[in-house]
Amino acid sequence: MKIYIIAAVSKNNVIGRNGAVPWHSKSELEFFKHTTMGSAVLMGRKTWDSIGKPLTGRLNVVITRNKNLSIPFKEVIIFYSLNEALAFFRTSIYEKIYIIGGAEVFNESLEFTDEMMLSEMNFEAEGNVYFPEINGRIWALNSSEVFLDFTVHHYIRRDNLKD
């Protein structure tokens with residue numbers, strides 16, 4: 001099992017504003033869909049609320065502290081901690097797990113994530129939710145792919161780099 005973080009960030013690291021992404025990029029959404037299709041996507045409850053429906057073709061996993069949360073979709077599983085969700089995945093058929101937000105889940109999962117794919121938008125944005133700072137002693141930039149309105153930066157945990 002490999003754990004990835006996938007996120008779209010503005011030049012100033014904004015990922016959200018008042019419960020939503022503060023921009024719309026059709027090409028970035030297509031990249032996200034193509035990359036995560038057929039895999040599991042793991043998100044916090046606030047991210048789930050902002051999406052509002054399951055992402056088709058993927059197992060949707062929602063992390064919440066709310067033991068009363070009910071989501072009426074068969075392709076959605078609820079866990080009450082990130083550790084509980086990861087324990088489930090250790091015995092699942094999924095080889096790739098994509099952590100898709102939000103900030104709390106990104107912060108909590110950085111310590112055991114293997115790789116990150118960050119779509120850096122070609123602009124700054126106003127917002128109140130930010131992606132965590134990337135520690136260069138832990139993460140190495142492996143590659144970058146330029147698209148029209150964003151660049152995907154692929155980071156690998158330095159511990160996982162082959163000599």
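1. Salt bridges. In this predicted model, the count of salt bridges comes to 5. Side chains of opposite charge can pair when their charged atoms come close, and the pairs described in the next two points are examples that a reader may wish to inspect individually.

2. Lys-11 with Glu-120. The side chains of Lys-11 and Glu-120 meet in a salt bridge, with an N to O distance of 3.7 Å. The two partners belong to distant parts of the chain, since Lys-11 sits in the loop between strand 1 and strand 2 whereas Glu-120 is in strand 7, and 109 residues separate them. Lys-11 counts as partly exposed, because its relative accessibility is 45%.

3. A network around Glu-104. Lys-46, Arg-65 and Glu-104 are linked in a network of salt bridges. The contact between the side chains of Lys-46 and Glu-104 has an N to O distance of 3.9 Å, and this pair joins helix 2, which holds Lys-46, to helix 4, which holds Glu-104, across 58 residues of chain. In the salt bridge of Glu-104 with Arg-65 the closest N and O atoms are 2.7 Å apart; here Glu-104 in helix 4 is connected to Arg-65 in the loop between strand 4 and strand 5 (76–79), and the two are 39 residues apart. As for accessibility, Lys-46 counts as exposed at 58%, Arg-65 counts as exposed at 67%, and Glu-104 is partly exposed, with a relative accessible area of 45%.

4. The largest nonpolar core. This core has 26 residues, and those with the most contacts inside it are Ile-5, Leu-42, Val-61, Met-116 and Phe-131. At least two core residues come from each of strand 1 (2–9), strand 3 (40–44), strand 4 (59–63), helix 3 (82–90), strand 6 (96–101), helix 4 (103–109) and strand 7 (115–121). Apart from this core lies another, of 22 residues, which includes Met-43, Tyr-98, Ile-100 and Ala-125.

5. The surroundings of Ile-5. Not counting residues up to four places away in sequence, Ile-5 touches Ile-99, Phe-106, Ser-109, Leu-110, Thr-113, Glu-115, Met-116, Met-117, Leu-118 and Phe-131. Among these contacts, Met-116 and Phe-131 are also named with Ile-5 as having the most contacts inside the largest core.

6. The largest pocket. About 1,300 Å³ of space lies in the largest pocket. Its lining comprises 44 residues, of which Thr-47, Ser-50, Ile-100, Gly-101 and Gly-102 lie nearest the pocket centre. Two or more lining residues are contributed by each of strand 1, strand 2, helix 1, helix 2 (45–51), strand 6 and helix 4.

7. Backbone points to check. Most residues other than glycine have a negative phi, and most peptide bonds are trans. The peptide bond from Gly-101 to Gly-102, however, is cis, with omega near 0°, and Gly-102 is found in the loop between strand 6 and helix 4. Asn-13 is not a glycine and yet has a positive phi of about 70°; Asn-13 lies in the loop between strand 1 and strand 2 (14–16) and is partly exposed, with a relative accessible area of 28%. Asn-18, likewise not a glycine, has a positive phi of about 50°; the place of Asn-18 is in the loop between strand 2 and helix 1, and Asn-18 is exposed, with a relative accessible area of 65%.

8. Phe-147. Is Phe-147 exposed, partly exposed or buried? Phe-147 is partly exposed, because its relative accessible area of 27% lies between the limits of 20% and 50%. Phe-147 is placed in the loop between strand 9 (139–146) and strand 10 (150–157), and, residues up to four places away in sequence being left out, Phe-147 touches Phe-31, Asn-122 and Val-152. The C-alpha atoms of Phe-147 and Ile-78, which are 69 residues apart along the chain, are separated by 34 Å.

Definitions and conventions: Residues are numbered from 1 along each chain as its sequence is written. This is a predicted model: local features need pLDDT of at least 70, side-chain atom pairs count only at pLDDT 80 or more; totals for chains, interfaces and linings use all residues. Side-chain values use heavy atoms; hydrogens and water are left out. A nonpolar core is a set of buried Ala, Val, Leu, Ile, Met, Phe, Trp, Tyr and Cys residues joined through side-chain atoms within 4.5 Å. Buried means under 20% relative accessible area, exposed over 50%, partly exposed in between (1.4 Å probe, protein chains only). Helices (H or I, at least four residues) and strands (E, at least two) are DSSP runs, numbered from the N terminus. Contact means heavy atoms within 4.5 Å. On a 1 Å grid over the protein atoms alone, a cavity is a set of points where a 1.4 Å probe fits but cannot get out, and a pocket is an open set with protein on both sides within 12 Å along at least five of seven lines; lining residues have an atom within 4 Å of a point. Grid points are joined across faces, edges and corners, and a volume is the space filled by probe spheres set on the points. A salt bridge is a side-chain nitrogen of Lys or Arg within 4 Å of a carboxyl oxygen of Asp or Glu.
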